[in-house]
Amino acid sequence: MSGITFLKTEDLEGIVSFYMEELDMEEWVVQCGCTILKHGNMLLGFCQAPISDLDVTLTLFYDDKKSVDAMYERFKDTADKPPAVNERYHIYNFFAVDPEGRTLEFQTFLHDLPPFKDGEGLLAGRRSVRKYSNRDIPPKILDSVFSMCRYSPTSMNSRSFYFKVTDDRGVLEALASERGAPSAPIGQGKIAVAICVDTEKTRRATEDGCIASYHFMLSAWLHGLGTCWIADMDRDRVKDLLGIDRKHYVATVTPLGYPEEIPEMPPKGDTTVLYST
Ligand SMILES: Cc1cc2nc3c(=O)[nH]c(=O)nc-3n(C[C@H](O)[C@H](O)[C@H](O)COP(=O)(O)O)c2cc1C
């Protein structure tokens, strides 16, 4: 199921341009007298009416405190006070108002959340994370991340991949120092995950392993967790450190944890698509 919250407004044009320009929402669907806006998983419809719906609080939540602070810089003039931690709900927030007087709340959750990202947030928001916070990953979240990986495609549905997980600090440090800077992110996470393939179950170990790795990375991101592909490690040493069968294939080892910071989007350019004529 999906949903839309509709609100009446006396000034459709003005309120739509405010939400688009100041809150970065995008036009999703325009109907007769109503415009539905979209941002992340939020769908908000405004409809022209004689009296505005004002008795409402629209809460917009962000990935981190930095993003809430950035919104505060934009909304300083109508904000009640600077962003602060609300211990009761374990959030970091502030309140402001839209031009018609509706309450806007800007917040980030300071605790783990079940998945909520929309497809765009999942695919376009994912970043390689190299700095991790000290927060533990709740076992329920970890189970859910791995559980989603069952949907990764495998050659002839061989289901040949599996995950080897470690939180042993000594092993993490040894993996991190494998290749200097490129492997260093492993030492930053609370745990590391090797994506492995049982080569007796498939003739396509590389493909099964690489696809499962990316599926895992997206599943982690869906749950608010960061990963980083680490390449070119001495695979035999990795297998020995993690107790993986030498005959099995290791696609990659990635740190896994809550991001300390989400890196800026690196330049992505356009997708190259060549259509035959
Ligand atoms: C095959 C492959 C190998 C990579 N190897 C490393 C690596 O050894 N260390 C590292 O920190 N990042 C590594 N990365 C992450 C890339 O640097 C990263 O994907 C790229 O800079 C784009 O950033 P983004 O993932 O945030 O979009 C690798 C990514 C891929 C796909």
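Helices (H or I, at least four residues) and strands (E, at least two) are DSSP runs, numbered from the N terminus. With that settled, take Asp 232, which sits in the loop between E11 and helix H8 (235–242). Asp 232 has a positive phi of about 60° and is not a glycine. Most residues other than glycine have a negative phi. Asp 232 is exposed, with 10 other C-beta atoms within 10 Å.

Before going on, the ground rules. This is a predicted model, in which local features need pLDDT of at least 70, side-chain atom pairs count only at pLDDT 80 or more, and totals for chains, interfaces and linings use all residues. Residues are numbered from 1 along each chain as its sequence is written.

There is a second residue of this kind. His 90 is not a glycine either, and its phi is positive, about 55°. His 90 belongs to the loop between strand E6 (84–86) and strand E7 (91–97). Is His 90 buried or exposed? His 90 is exposed, with 10 other C-beta atoms within 10 Å.

Now the whole chain. The protein chain has eight helices and twelve strands. Its C-alpha atoms fill a box of roughly 70 × 55 × 35 Å, taken along the principal axes. Of the 277 residues in the protein chain, 25% are buried. Two residues are in contact if their C-beta atoms, placed from the backbone, lie within 7 Å. Among contacts between residues at least 6 apart in sequence, 68% join residues at least 24 apart.

The chain is divided into domain 1 (5–109) and domain 2 (119–257); such bounds come from an automatic or database domain assignment. How many Å separate the centres of domain 1 and domain 2? Taken over C-alpha atoms, the separation is 37 Å.

Next, the sheets. Two strands pair if DSSP finds at least two bridges between them. E2 and strand E3 (residues 34–39) run antiparallel and are joined by five bridges. Across from Val 29 stands Ile 36 in E3.

Another open sheet, also of four strands, has the order E5-E8-E7-E6 with mixed pairing. Why is one side of E5 and of E6 left without a neighbour in the sheet? Strand E5 (57–61) and E6 stand at the edges, each with a single partner strand, so one side of each has no neighbour there. In this sheet, neighbouring strands are turned by 40° against each other on average, direction ignored. E5 and strand E8 (residues 103–109) run parallel, joined by five bridges. Thr 57 has Thr 103 in E8 opposite it.

A helix lies over part of this sheet. H2 lies across E7 and E8, and runs at about 155° to E8. Lys 66 is found in helix H2 (residues 65–75). Lys 66 counts as exposed because 11 C-beta neighbours are inside 10 Å. Lys 66 and Met 265 are 199 residues apart in sequence, and 15 Å apart in space from C-alpha to C-alpha.

On to strand E12 (residues 249–257). How many of its nine residues are buried? Nine of the nine are buried. Strand E10 (residues 191–197) pairs with E12 in the antiparallel sense over seven bridges. The bridge partner of Ala 192 in E12 is Pro 255. Strand E11 (residues 226–227) also pairs with E12 in the antiparallel sense, over two bridges. Thr 227 stands opposite Leu 256 in E12.

Last, the ligand. A residue is near a molecule if its C-beta atom, placed from the backbone, lies within 6 Å of it. The residues around the ligand include Arg 127, Arg 130, Ser 128, Trp 229 and Pro 266. By class, this shell has eight nonpolar, one polar and two charged residues. Ala, Val, Leu, Ile, Met, Phe, Trp, Tyr, Cys and Pro count as nonpolar, Asp, Glu, Lys and Arg as charged, and the others, Gly among them, as polar.

Definitions and conventions: Buried ≥ 20, exposed ≤ 12 C-beta atoms within 10 Å, placed from the backbone. Axes fitted to C-alpha atoms, helices over the stretch in contact; angles between N-to-C directions.
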